[in-house]
Amino acid sequence: MPSEGRCWETLQALRNSSKGRLCYHRDWLLRGEDVLEECMSLPKLSSYSGWVVDHILPYKQDNLVPSETSPSSGSASALDQPSGVPKSPIGSSALSPASPATPNGAQSKRESYHTESMALQSSRGIRVEGCIRMYELVHRMKGTEGLRQWQEEQERKVRALSEMASEQLKRFDELKELKKHKEFQDLREVIEKSTREALGHQEKLKAEHRHRAKILNLKLREAEQQRLKQAEQERLRREEGQVRLRSLYTLQEEVLQLNQQLDTSDQHKDLLKVDLAAFQTRGNQLCSLISGIIRTTSESGYPTAENQAEAERALQEMRDLLRNLGQEITRACEDKKRQDEEEAQAKLQASQTQQGPGPNTQSSVPSQGPGGTRNEDLQVKVQDSTMQWYQQLQDASVQCVLAFEGLTSSKDSQAKKIKMDLQKAATIPVSQISTIAGSKLKEVFDKIHSLLSGKPVQSGGRSVSVTLNPQGLDFVQYKLAEKFVKQGEEEVASHHEAAFPIAVVASGIWELHPRVGDLILAHLHKKCPYSVPFYPAFKEGMALEDYQRMLGYQVKDSKVEQQDNFLKRMSGMIRLYAAIIQLRWPYGNQQQIHPHGLNHGWRWLAQILNMEPLSDVTATLLFDFLEVCGNALMKQYQVQFWKMMLLIKEDYFPRIEAITSSGQMGSFIRLKQFLEKCLQRKEIPVPKGFLTSSFWRS
């Protein structure tokens, strides 16, 4: 049938078109990707739909078929009329300007003409194609509508689920809040119950505590009374013990002197008919007895009345022994004198008999009484000249204090402020002295020198000068000297190397301001009397605490400091003194002599060796002094110095060991090992921390 042929042509045309090459799937609705893409894009009509509606549908098929006999004329008429017969899009595309560009232009022209003729004659195919486009549009619109409805349904479900979840969450929060509130109520009830029980238990404990406190207070009061009683008894025992100890020392001194008198009787040995060795042996035994008593009491504490009585009996026996020896010597001398007179008279008579009578000549024979030299024992007291020097320094210190008494006792706020500023300006630079570098020491020295010279210096952000008050210079000099000694007492005692930088600054200030040096010595002698050297004596009626302070101990609230701390402070001050006497300020006038040089160190060493040693103190101070100043003394005095070292080893060590208890042998052993090592090497080592030239260049 002709219509069937046209259908095949239409299908063939559709197959050759761009749409014919598309793939259509039956399950395209199941895939949401393309549908959603179309829903999201703006709707648009096919490029063929308008042409089909405007041109194809109003015309019938018969009018659209051209004459087959004259294709060229029909084609020409269709081309010439712009709106008479509608043009197929295919034909329009075939007649596009790109067609003539092909290599075979004539053949392409015939093919396009044939295609246009087929498109014009296939109005049914065009209609089918339009229907397909319409169907696609309708189907797409239905898919879009279905998708929109499905989205709305899903949104309704989501909203419903969200509302349901929100309600469930609210119920859950309410249950949780209710549970929390209930737990809080239970917990509060438990806490209140526990609090009531705790308060009741606390009240019970308070009652028991008050009861026990009353009992403890009674016991403490009784214990305190007992302690005070025991402390008073101990104080009285110590005072009595110290009195007995001093008495023992006096007895020992007298026994030693009497024993030396026994030794001097050797010159009368030829006159005596008795053996002197028995007297000397018994005298040595009595000396050893008293020394043993003192050594035993030093280890156990203080001597008892029995010890003192035993020592007095030994002294009395020594006196009786010496008196008996003196009687024997006197008797022997008288017998010798009588015998000499008889022999002289017999010779005279014999000569007169031989020569005849003549003038009576009387020859007098001088009698030799008991005498002789006495070896001097070591001293207990300081020499008079040294004591006068010590007293002059203390008097100068007291006069200096009286000179600025008005400044210290003033109630004026301005005067108090000046006093505080001057004290800070004098003491803070001394506290800043360290072993770091020489440049820092020069800054400290210049600041102190400027202050003492009356120049203004900066202290605490303010300008300070001694000219602000007439008594300012005396106050600064006193406080500066006091601070130097305090640095030795504290800083040098803890760090031995600090003695040298402090000493070199003090020596330089001493050289330019001699009064400061005298005040330094006064403070040093007052805090450390062994630097004189001076052993203060106990005076009748003196309080024990005052005597302990005179010895250098710190006494606070009737409590004496420990022996280790006392020795540590004394050691620091002796080390500072030993460093001062050998150091000079390197930037000063080197042609001048040292204001307090090594000769004073030699004097101190000689005088300390001429005095009886003190247990634990003498050995400690000798070691510190020799360790710091021994090298300088060795270079200065050479052979004489080594003679003194031998004297210490051979004569002084036994004396120190005799009075040193077993618990105090540490300082003695340290001194002995140091001296033996130096004598073995024949050299005193340079002290640690000694300032060398590299120190001043840093």
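**Legends to the close-up views**

**View A. K479 is buried, with a relative accessibility of 19%.** Residues count as buried under 20% relative accessible area, exposed over 50% and partly exposed in between (1.4 Å probe, protein chains only). The model is a prediction: local features need pLDDT of at least 70 and side-chain atom pairs pLDDT 80 or more, while totals for chains, interfaces and linings use all residues. Residues are numbered from 1 along each chain as its sequence is written, and side-chain values use heavy atoms, leaving out hydrogens and water. The side chain of K479 meets that of E482 in a salt bridge, at 3.5 Å from N to O; the term denotes a side-chain nitrogen of Lys or Arg within 4 Å of a carboxyl oxygen of Asp or Glu. Because the two residues are three apart in helix α15, about one helical turn separates E482 from K479. E482 is partly exposed at 28%. Helices (H or I, at least four residues) and strands (E, at least two) are DSSP runs, numbered from the N terminus.

**View B. A salt bridge joins E627 to R575.** The closest N and O atoms of the pair are 2.3 Å apart. Since E627 belongs to helix α21 and R575 to helix α19, the pair ties together parts that are 52 residues apart in sequence. E627 is partly exposed, its relative accessible area being 26%, whereas R575 is buried at 4%.

**View C. In helix α8, E234 pairs with R237.** This salt bridge has its closest N and O atoms 2.6 Å apart. E234 is partly exposed at 27% relative accessible area, and R237 is partly exposed at 38%.

**View D. L187, V190 and I191 make a nonpolar surface patch.** The patch covers about 270 Å². I191 is located in helix α8, residues 123-263, and is partly exposed, with 46% relative accessibility. Patch residues have over 30% relative accessible area and no salt bridge; like charges are joined within 9 Å and nonpolar side chains (Val, Leu, Ile, Met, Phe, Trp, Tyr) within 5 Å. Accessible areas come from the Shrake-Rupley method with a 1.4 Å probe, and for residues only the protein chains shown count as cover.

**View E. Helices α16 and α19 pack against each other.** The angle between α16 (residues 499-512) and α19 (residues 563-580) is about 55 degrees, and their axes are 8 Å apart. Helix α16 is therefore oblique to α19.

**View F. The peptide bond from V532 to P533 is cis.** Its omega is near 0 degrees. P533 is found in the loop between α17 (514-527) and α18 (544-550).

**View G. D616 has a positive phi although it is not a glycine.** The angle is about 75 degrees. D616 is in the loop between α20 (598-609) and α21 (617-637) and is buried, at 10% relative accessibility. Q638, in the loop between α21 and α22 (639-659), likewise has a positive phi, near 50 degrees. Most residues other than glycine have a negative phi, and most peptide bonds are trans.

**View H. V466 is buried, with 7% relative accessibility.** V466 lies in the loop between β2 (462-464) and α15 (472-494). Its C-alpha atom is separated by 7.1 Å from that of L422, 44 residues apart along the chain.

Definitions and conventions. Axes fitted to C-alpha atoms, helices over the stretch in contact; angles between N-to-C directions. Parallel < 35°, antiparallel > 145°, perpendicular 65-115°, else oblique.
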